[in-house]
Amino acid sequence: MAYSELSIITETNGGHVNNVKLIDYLDQARKVWYQYCILLGVEAVVVHLGADFKKEVFNHEKLLVRTGLERVGNTSFTLMQSILKDGKELVMSAEVILTTINRETRRKVTVPDDVRMMLKIDSVLNDEYLSQVNGIN
């Protein structure tokens, strides 16, 4: 299964990082998935997000956001995301369902086969991978 990772050092005005900020970190980590879909000629938009918060996070803690492709349907795909403190302690997990749409008509379209193939490969989706895809298109 293909996955992506994003490292973050938390910053907040208070001592505690708000759970809404953790959801923002998940969105930042999905950026590479959004870019990948755009390179494939579609746009991916979130239609469902379910989250479980496990631990508190405080200012200046090191977090790792890991995003993996879990399932691919006809017009949507599911990403499983987790936030780990110091790369090992689970802080939060989330299931995020994105639907693929035509960028001009804003109507649902079939998930590109290239996304479907990502289920079968063990690869990191990162800027280098996007550059290779961009060179092909």
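Predicted model: local features only at pLDDT ≥ 70, side-chain atom pairs only at ≥ 80, totals over all residues.
Five strands form an open sheet, in which the order is β1-β3-β4-β5-β2 and the pairing is antiparallel. The edge strands are β1, which covers residues 3-9, and β2, and each of these pairs on one side only. On average, neighbouring strands of this sheet are turned by 20 degrees against each other, if direction is ignored.

Strand β5, residues 89-101, is joined to β2, residues 43-53, by ten bridges, and these two strands run antiparallel. Strand β4, residues 76-85, is likewise joined to β5 by ten bridges and runs antiparallel to it. In the sheet order β5 therefore stands between β4 and β2.

The table lists residues that stand opposite one another, or are bridge partners, in these pairings.

| Residue | Counterpart in β5 | Relation |
|---|---|---|
| Glu43 | Ile101 | bridge partner |
| Asp52 | Ser93 | stands opposite |
| Gln81 | Ala94 | stands opposite |

Within the span of β2, residues 43-53, Glu43 has Ile101 of β5 as its bridge partner, whereas Asp52 stands opposite Ser93 of β5.

Notes:
Residues numbered from 1 in each chain as written. Heavy atoms only, no water. Helix = DSSP H or I, 4+ residues; strand = E, 2+ residues; numbered from the N terminus. Axes fitted to C-alpha atoms, helices over the stretch in contact; angles between N-to-C directions.
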